[in-house]
Amino acid sequence: MTTPSFAELDALPTEVLRERAFAKAREHHDIKFYWSVVRHLPDADEAAALDGAPNSIGPTVDEAVALWRELEGRDLGEQEPLLRAAFIDYLSK
């Protein structure tokens, strides 16, 4: 199987790029790739700042849900161009 060109990958929607990159990462058991994606999601900083204390369980759940939605490709906001580039780079290797 040949590696798609940059132009071919760039023509794809972000969701398709995400699905392909995640499939490749699953196939190669590439936790490092997933971690690099999570660090660039919009809600990653807020989720990391929560201390998990009992009185913050509501916000902790809210942040975890927001982070999960972003990991699924929804609500990427201003980070979408950066994540698209990461997906394209990963698929080009």
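**Entry 1: starting at Phe-22.** I looked up Phe-22 in this predicted model and found the residue buried, with a relative accessible area of 7%. That sits under the 20% cut-off, so the label "buried" holds.

**Entry 2: ring pairs.** Next I searched the whole structure for aromatic pairs and got six. Phe-22 and Tyr-34 come out as edge-to-face, because their ring centres are 5.2 Å apart and their planes meet at 65°. I placed Phe-22 in helix α2 (residues 14-27) and Tyr-34 in helix α3 (residues 31-39), so this pair ties together parts that are 12 residues apart in sequence.

Then I turned to Phe-33 and Tyr-90, a stacked pair with 4.0 Å centre to centre and 15° between the planes. Here the link joins distant parts of the chain, since Phe-33 is in helix α3 and Tyr-90 in helix α6 (residues 80-92), 57 residues apart. I checked burial too: both Phe-33 and Tyr-90 are buried.

**Entry 3: the cluster.** Which residues form one aromatic cluster? My list reads Phe-22, Phe-33, Tyr-34, Phe-87 and Tyr-90. I also noted Lys-24 over the face of Tyr-90, 4.9 Å from the ring centre.

**Entry 4: helix α6.** I tested the length of α6: its 13 residues should span 18 Å at 1.5 Å a residue, and the end C-alpha atoms are 18 Å apart, which agrees. Buried in α6 are Leu-83, Arg-84, Phe-87, Ile-88, Tyr-90 and Leu-91. Looking down the axis of α6, I see its buried residues within an arc of 165°, so they line one face of the helix. Among the elements covering them I noted α1 (6-10), α2 and α3.

Methods: Residues numbered from 1 in each chain as written. Predicted model: local features only at pLDDT ≥ 70, side-chain atom pairs only at ≥ 80, totals over all residues. Heavy atoms only, no water. Phe/Tyr/Trp six-rings, centres within 6.5 Å; stacked < 30°, edge-to-face > 60°. Helix = DSSP H or I, 4+ residues; strand = E, 2+ residues; numbered from the N terminus. Buried < 20%, exposed > 50% of the residue type's maximum accessible area, 1.4 Å probe, protein only. Lys NZ or Arg CZ within 6 Å of the ring centre and 35° of its normal. Expected span 1.5 Å × (residues − 1). Arc of directions from axis to C-beta. Contact = heavy atoms within 4.5 Å.
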